[in-house]
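Work through the following exercises with the sequence and the model at hand, and compare each step with the solution given.

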Amino acid sequence: MDILILLILVPVLTVLAISISRTKEQIRMSAAVGMGIQLVQATYLVFAYLAERKNGNVDDMLFVRSWEWFKSFNIQFSIGVDGISVSLIALTAIVIFTGVLTSWKVDNLSKEFFISLIVLTTGVFGFFISLDLFSMFLFFELAVIPMYLLIGIWGSGPKEYAAMKLTLMLMGASAVLLLGILGLYVNSAAAPGGLMTFNIIDISRLNIPMEVQRIFFPLLFVGFGVLGALFPFHTWSPDGHSSAPTAVSMLHAGVLMKMGGYGCLRVAMYLMPGAANEMGWIFIVLTSISVVYGAFGAIVQKDLKYINAYSSVSHCGLVLFAILMSDKISANGAVLQMISHGLMTALFFALIGMIYERTHTRDIRFMGGLMKVIPFLGVAYMIAGLASLGLPGLSGFVAEMNVFVGAFQHSDTFHRIATIVVCSSIVITAVYILRVVATLLLGPIKNNDFNLIKDAVWFERATVIILIFAIAGIGMAPLWLSDFISRSLDPIILKLSMIK
Amino acid sequence: MIEGIQLEFFLVLGTLVFFIGIYGFLTRKNLITMLMSAELILNAVNINFVAFNKYLYPENLEGQFFALFIIAIAATEVAVAVSIIISLYRKIKSIDVEKVNELKY
Amino acid sequence: MEQIIFYILVSGILIFSVLTVTSRRILRAAVFLLFMLLCSAGLFFMLDFYFLAAVQLTVYAGGIIVLIIFSIMLTSQVNEKLEAAGVKKSSFSLIAAAAGAVVCIYSILNYSFPAVSNGETDSSMKNIGMQLLSYKDNGYVLPFEVISILLLASMVGAIIIAKRDSAK
Amino acid sequence: MENFGYIVIVPFILLISFILIGLAGGRFKPSLSGIAGTFSVFVTTVISYITAFSYFSGAGLVNGVYQKIIPYNTEWLRFTDKLVINMGILLDPISVMMLVVISTVSLMVHIYSLGYMKGDSGYSRYFSFLSLFTFSMIGLVISTNIFETYIFWELVGVSSYLLIGHYYQKPSAVAASKKAFVVTRFADLGFLIGILILSNITGTFDYSILTDPNGPAIAQGSTIAFMGLSVMTWALILVFMGCAGKSAMFPLHIWLPDAMEGPTPVSALIHAATMVVAGVYLVARLFPLYALSAPAALHFIGYVGAFTSLFAAIIACTQTDIKRVLAFSTISQIGLMMLALGVSDYGGEKGLGYMSSMFHLFNHAMFKALLFLCAGSVIHAVHSNEMNGMGGLRKFMPVTHITFLVACLAIAGIPPFSGFFSKDEILVAAFEKDFVLFIVSMIIAGLTAFYMFRLYFSIFWNKNNEYKDSPHESPSSMAVPLMFLAFASLITGFIPFSKLVTADGAGFETHIHWGIAVPAVVIALAGILTAMALYKKESGLPQRITASLGSLYRLIYKKFYIDEIYLFITKKIIFNGISAPVAWFDRKVVDNTMNGIAAVTNFISVKIKSFQSGQLQQYAYVMVSGMIIIILFALYLWNK
Amino acid sequence: MDFGQLLYMRHEIILSAIALIVLILEISISNKNIEKIIPVLTVLFFINTIAGFFPVETGSLFGGMYKTTGITILMKNILNIGVLIVLIQSAGWLKSNFTGSSNIGGYFFIVISSLIGMDFMISSGNFLMFYIGIELATIPLAALVASEKLKERSAEAGVKLILSAALSSGILLYGISLLYGTNGSLYFDNIASSFQNNSLQMLAFIFIFTGIAFKISIVPFHLWTADVYEGAPVNITSFLSVISKGSAAFILLILLFTVFKGIEGTWNSVLYFVSVLTMTIGNLFAIRQKNIKRFLAFSSIAQAGFIPLGIIGGSAIGFSSVVYFLLIYLFSNLGAFGVVAAISNATGRENIDEYNGLYSTNKGLSLVMMLSLFSLAGIPPVAGFFSKFFLFTSAAKQGYYLLVFIALINATISLYYYLLVVKAMFINKNEMPIGPVKNDAYTKLGLIICAIGIIAIGFAGIIFDYINSLTFGIK
């Protein structure tokens with residue numbers, strides 16, 4: 001059976017398995033096994049992809065399959081992957097697997113929790129393998145909506161407000177997005193009166209008229225951009241992340257926000273290169289603001305999750321920024337940043353969740369000196385922080401450098417200034433990361449109750465180790481991943497550069 | 001056909017009666033008088049149908065038949081409406097339309 | 001002569017219509033409605049639609065008005081004076097109705113109807129009967145049948161509502 | 001030419017040592033970690049010495065010019081075909097020299113730490129981070145391209161951060177580590193942008209292309225201009241910004257004094273001998289580029305160095321914390337090295353400044369490490385950093401006393417100690433190039449001698465303090481490194497540096513310029529004598545002098561309030577001026593806009609509820625008038 | 001006349017037969033045993049539903065008074081399915097709570113005859129048939145609406161329905177009379193061929209449109225909806241909201257695409273106008289509803305606002321999209337009303353607040369409710385997503401991007417209030433949640449059918465393609 005289909009099928013089967021499970025143990029195990037299989041599959045996919053490339057397959061997309069779905073609208077269910085999607089699929093598999101591990105102790109309605117979580121994942125996997133805008137959009141929304149329940153039921157703090165806000169903003173974005181997709185569809189007939197199509201590959205062969213692009217490019221970019229926390233549509237992120245349960249924050253910041261970046265690259269930029277070149281500057285300004293603004297916003301936050309949420313705004317802003325540079329190096333950097341940020345932020349949220357379970361607060365003002373009592377988590381938090389501020393040897397550095405070097409390939413003043421502004425975020429990032437690390441982990445222990453807390457248990461350790469392993473792996477030997485991705489960027493960059 | 005009377009005359013008559021009926025429907029405070037206004041409206045339509053039939057399309061009797069069926073249906077409508085109004089009256093002891101406002105907003 | 005009768009009927013229709021919707025005494029309103037229906041029946045007579053006029057007299061005047069008067073008897077005192085509608089309500093309604101009438105009449109008068117046909121109308125009872133039971137073009141057997149279902153269903157409906165009280 | 005491939009062992013053994021100690025550290029006996037770390041550095045040292053010996057003894061020499069040898073180079077990350085980050089090893093005179101410096105000092109510090117850190121709860125962690133630092137520092141100096149340098153530059157920064165924050169439960173240590181990291185990070189931003197510009201105009205990261213005097217990079221350099229200076233100049237100034245951060249040049253020096261919160265051996269290793277000279281090293285590494293295509297930048301460096309040096313020397317005279325005195329002394333000496341680079345030219349004898357800078361770097365590493373280790377020894381003994389709490393220690397700690405004196409003499413430039421030789425070359429170079437800088441360096445020489453001996457006399461002479469538990473000499477594991485380094489300070493001056501380490505690789509002859517050396521020594525002696533007069537015996541004189549200086553003294557003592565200015569910028573401007581408003585703006589404006597949309601919808605929803613009044617006639621009215629409106633609307637459209 | 005041709009109208013004939021059987025059973029069975037007719041009639045109706053799907057030729061009868069095409073048969077089948085579900089869902093209510101068990105037969109008779117009216121309406125070839133059909137579909141229903149025992153709200157709802165309906169049918173008739181005057185015939189075919197572009201015909205169209213829009217509850221003709229829905233018994237409400245509305249939408253489609261094709265420009269702009277109004281007003285009112293039935297009423301108004309998206313521009317694929325939308329709307333809304341009915345009939349609670357914590361006691365009901373609401377909101381993977389998507393696509397294909405955008409905004413707003421109900425059921429805590437509701441087999445069956453429909457119809461691309469094959473050439 002087709003590997004890509006299995007990627008969707010396995011989560012669905014997992015959901016079924018969970019729904020017929022009776023005990024908590026069975027539920028957890030089904031989820032873990034299902035997502036474990038998913039991880040294995042993702043790994044297999046990476047190697048299958050490499051093998052296929054090695055055999056000299058130079059198609060843009062591999063493992064392409066297509067089924068007739070709604071013939072009247074010429075909608076097919078088309079799937080296929082390239083280096084970008086494969087790497088993001090691998091990321092998703094890692095994050096969801098660790099997410100399930102982190103959720104080991106979810107007791108309240110655990111069946112529903114895992115079902116929602118895995119439905120969400122199905123959406124993400126489906127999104128990344130879709131080659132058809134219709135199914136892509138379907139999976140996009142499928143990934144967003146379980147979030148409502150996940151935050152609303154299992155969240156903390158003002159969870160209902162946050163859940164509603166997040167859902168509405170993202171669904172509002174998807175409304176804008178849908179309009180963009182429809183605009184593409186309507187203008188996708190190869191010849192006047194010909195069949196319209198949702199197929200990305202088919203559309204990419206066309207030259208959509210500029211006046212059409214001018215209308216729909218911003219729609220598509222904003223539509224996806226909201227999920228990528230584009231300023232000023234990012235406010236769902238702090239509230240949503242801070243209220244969400246751990247695994248959901250991990251998935252959401254780790255994977256869902258990447259869908260925004262992926263969509264911007266694969267749909268907005270790829271299919272509408274003309275407008276991307278012409279109107280890119282608006283979004284470059286916005287994303288530059290995102291990057292710096294998010295970082296500044298993070299400095300004064302007091303809640304660990306808020307800090308991380310703002311940090312995500314900043315980092316995901318960098319992804320969009322890099323994509324807008326329409327340069328191969330920075331696009332490569334964008335994808336690397338997606339993966340890097342995905343892993344890192346998943347690690348962050350996992351750790352925050354674990355710390356929260358122990359201290360019952362996320363307010364850094366009440367914490368301090370935790371390194372002494374929970375050295376494992378402390379060190380892991382520090383590593384995550386260092387990855388976040390772009391320490392060489394960890395994944396963040398590789399991504400950021402690609403972005404900066406790529407962005408600097410533009411020799412005009414506007415791009416340069418934007419790049420320098422964005423670069424400056426590395427300092428601000430250092431400030432807030434060190435601030436958190438210092439207040440949270442270092443210094444004297446502020447609360448005597450903290451002396452009693454215990455360090456990580458096995459599933460927590462497993463989560464942390466898997467993620468750190470991935471982060472360090474990418475950071476130490478980035479070349480293979482970078483090569484893995486960069487070949488797939490060629491068609492996109494080619495299309496963008498032809499316009500210039 | 002009546003000598004010297006033009007079609008438009010009938011139509012204006014029909015329209016006037018129609019809107020008088022509507023005016024009544026909008027202003028009468030009693031449910032039954034509202035129903036009577038509705039009958040006015042139907043009758044206005046009948047006048048229209050008959051006039052058209054007679055003046056323009058006398059070959060067929062479409063207008064006349066339509067009017068016939070309208071009368072029949074008006075009867076059923078009144079029957080059902082009256083029964084409902086009476087049952088309402090038994091509950092709230094009033095048929096003032098302004099008091100029929102339990103359901104709102 | 002015809003014209004004079006016609007004008008009398010027309011003014012009867014209009015006057016009684018207005019009285020129907022303005023009379024403060026509900027029973028009088030019903031009677032005015034009856035007169036209005038009679039006038040329009042007269043109109044139908046003048047246009048040679050005898051059958052229709054007859055039906056108008058029997059069903060409307062005979063059936064519906066009686067029904068209405070009964071229900072009036074059941075629900076209110078005969079001498080009870082109705083409250084007049086509020087000024088605001090009636091003036092707004094008047095504006096709406098007048099605006100509608102103006103628009104419609106304007107459109108009607110601006111429309112050039114096809115030349116008046118001199119074809120003969122065969123509105124004899126026989127013809128009406130034939131058409132009512134015909135299933136060909138301009139045959140009305142199907143509506144005739146369907147309306148029977150409607151009558152039946154309305155009856156059942158009315159019974160359901162009425163029956164409830166007996167169940168109580 | 002010899003194949004130096006075996007050097008690959010060096011970074012690997014250090015990295016492995018870091019990871020092993022780091023992961024397994026908690027599980028074994030702490031001393032095992034120390035021994036493992038020391039062993040790996042010992043291996044490093046041995047290999048470094050072998051390398052240095054074989055390199056300078058001819059393996060690196062072709063036609064009288066020391067070559068750049070790249071024994072190992074592998075692709076790590078590829079941007080484009082040309083812009084590639086390689087991980088590799090570059091051997092040339094300065095990197096080999098640095099190998100020796102780093103491994104020597106590191107080994108000494110390791111040995112010293114075995115004793116100094118005994119009983120510390122973070123013993124393994126400490127050695128693990130030391131390995132990490134040594135790994136990064138060695139990686140930094142043997143980088144083959146500027147991006148590799150940048151990578152290790154960051155790693156060095158982070159290991160410094162970790163080590164400064166070793167006593168992480170002490171808030172001041174945490175704050176100091178944070179400060180060090182952020183300040184250098186800020187400087188690195190300049191470095192990074194510099195790299196970006198540099199790579200953009202030259203199309204490469206590779207040192208062998210960048211610094212090839214006849215290569216394309218230098219030729220292209222000065223073509224495009226921006227705000228009066230060539231882009232290359234801007235790029236190099238930005239790169240220097242990074243150097244200034246690491247090497248604590250004014251105004252980015254503020255982190256270094258605070259960094260003394262770390263364990264003293266760490267200060268010796270990182271904040272005296274190795275990391276802080278990375279800036280000097282990087283300028284030297286890019287020297288052909290500076291000298292040939294952006295002399296303006298080089299000038300700038302010279303003046304920054306001179307100013308910093310003077311500035312720090314003045315402050316050093318007033319500080320009372322012995323480690324802070326040493327820290328400012330370090331800043332001052334590094335400024336001197338920068339000055340030397342700034343007055344240098346490329347090629348042959350004109351490269352005297354370059355050579356003297358490297359020479360001084362080398363010597364300074366030895367005697368400054370020695371000073372710090374001695375200070376550590378003293379602090380170990382009296383459990384205080386404050387000068388006031390010391391005095392008369394010469395009787396209790398003879399070894400420390402003697403070695404400290406050697407180091408002081410070396411730094412003061414008294415022959416035949418090593419400092420004399422390198423400082424003399426610097427003065428000569430400055431004299432030949434720029435008289436102002438020469439005068440400044442003379443003043444610095446005097447001040448240096450003064451504050452060092454102020455320190456010396458305050459610690460070992462002066463009053464005889466009553467100590468609670470009488471101070472005693474440090475254990476041998478601490479004493480041995482002191483003696484070794486003292487020995488080094490004695491002899492390294494005689495190394496014929498001009499033959500070995502020069503800007504273009506070709507050696508030249510130098511000899512002592514007595515015309516400059518004599519006045520310099522006299523000035524130094526004057527400084528020493530002043531210090532002796534003031535501080536040898538306990539007297540009220542220093543207080544009286546400081547009192548008479550009044551606010552000027554306070555100004556200097558408070559380090560010219562630079563810290564306060566920074567604090568103002570960070571606390572008031574960044575935190576309260578930018579971040580807090582941003583956070584406020586985000587919550588109140590952006591977020592409320594989004595919430596406002598929802599609120600408006602709700603508001604309308606409440607407002608229009610009266611439409612659904614429950615009144616049947618109103619419904620009918622809406623229906624009829626709605627219909628009429630639609631009719632009018634359609635008529636309007638139809639008429640159009 | 002070939003009596004074989006009567007098969008064209010097999011839907012109506014079978015239904016009439018069933019209606020007759022109802023009457024006979026009603027008379028012949030004693031009051032005690034009257035409940036037993038429920039399964040019999042349900043099975044009969046099920047057979048009718050199946051029979052509707054057998055392919056039979058299409059054509060016209062009675063001199064054009066009656067005509068069927070593939071698409072009208074499909075519409076009738078859709079209505080059949082809907083009524084079948086309504087009947088199944090109402091079984092429990094009939095047994096327990098109706099105006100006395102003796103009215104079970106009356107209930108069946110009225111529902112079925114109302115359906116007959118709709119079928120005739122959809123199949124009409126003449127405005128007379130259309131008018132009779134629409135009245136047959138409305139008047140008896142008013143009686144059912146008013147039939148709730150001891151509830152004055154029920155009678156009030158009945159009064160509001162019948163009087164508004166009287167007004168609207170008056171308006172409709174006036175329009176028909178004008179159309180007769182200007183086009184000289186009442187047969188659809190003749191009218192369609194004799195359109196000129198003049199204001200009186202346009203006027204006639206708007207009058208007729210008003211009459212139909214009233215039934216679909218399009219703003220500004222919607223105000224009766226909420227009151228009637230709230231006041232009526234739940235099962236009748238679901239019939240009104242789905243079957244009545246659906247049938248009216250079907251006939252609107254047919255009229256616009258056949259009779260009024262000649263004045264497409266006019267109805268495009270009118271539809272644009274009312275579509276925006278309907279979606280927006282419906283949503284704004286729905287946001288702050290407390291009663292679940294009233295809430296669903298406004299939601300169904302907002303849903304009706306989406307219908308014009310497919311009609312506008314007059315494309316065949318838009319036609320298919322509307323039919324598809326209504327099919328899915330049928331399942332979704334019946335699912336939602338089914339749950340409301342189950343709870344209301346068992347506990348009498350109808351406030352959204354009282355649904356707090358429902359999931360903790362009634363998992364199945366909450367899940368079906370959630371599915372239905374998500375389907376109404378257009379959330380994948382349930383069917384509502386597909387139908388909305390296709391409506392939007394059809395409108396976008398005609399170039400109505402702004403309309404699509406407004407519709408999308410409204411869809412987002414609608415998501416908000418649907419989520420409020422989901423929130424009540426799943427998230428809100430409640431000390432005293434509605435206790436576990438014991439559902440009989442009928443209710444369960446009804447809900448399961450809806451759930452399956454909601455989940456499956458969307459993915460089955462073949463259904464849409466089938467509809468589209470029927471509408472092919474409608475333009």
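**Exercise 1.** Determine how helix α16 (residues 363-377) and helix α18 (residues 401-427) of chain E pack, and name the residues that make the contact.

*Solution.* In this predicted model, local features need pLDDT of at least 70 and side-chain atom pairs count only at pLDDT 80 or more, whereas totals for chains, interfaces and linings use all residues. Residues are numbered from 1 along each chain as its sequence is written, and chains are lettered from A and ligands numbered from 1 in the order in which they are written.

Step 1: with helices taken as DSSP runs (H or I, at least four residues), numbered from the N terminus, and axes as lines fitted to C-alpha atoms over the stretch in contact, with angles from 0 to 180 degrees between N-to-C directions, the angle is about 175 degrees and the axes are 9 Å apart.

Step 2: α16(E) and α18(E) are therefore roughly antiparallel (an angle over 145 degrees).

Step 3: residues are in contact if their C-beta atoms, placed from the backbone, lie within 7 Å; α16(E) contributes E:S366, E:M369, E:M370, E:L373, E:L376 and E:A377, and among those from α18(E) are E:L415, E:Y418 and E:F426.

**Exercise 2.** How many residues of chain C are in contact with chain B, and which helix gives the most?

*Solution.* Step 1: the contact joins 71 residues of chain C to 65 residues of chain B.

Step 2: α3(C) gives the most to this side of chain C, with 13 residues.

**Exercise 3.** State where the domains of chain C lie.

*Solution.* Step 1: by an automatic or database domain assignment, chain C is divided into domain 1 (1-106) and domain 2 (123-168).

Step 2: the C-alpha centres of these domains lie 25 Å apart.

Note on methods. Two residues are in contact if their C-beta atoms, placed from the backbone, lie within 7 Å. Helices (H or I, at least four residues) and strands (E, at least two) are DSSP runs, numbered from the N terminus. Angles under 35 degrees count as roughly parallel, over 145 as roughly antiparallel, 65 to 115 as roughly perpendicular and the rest as oblique.
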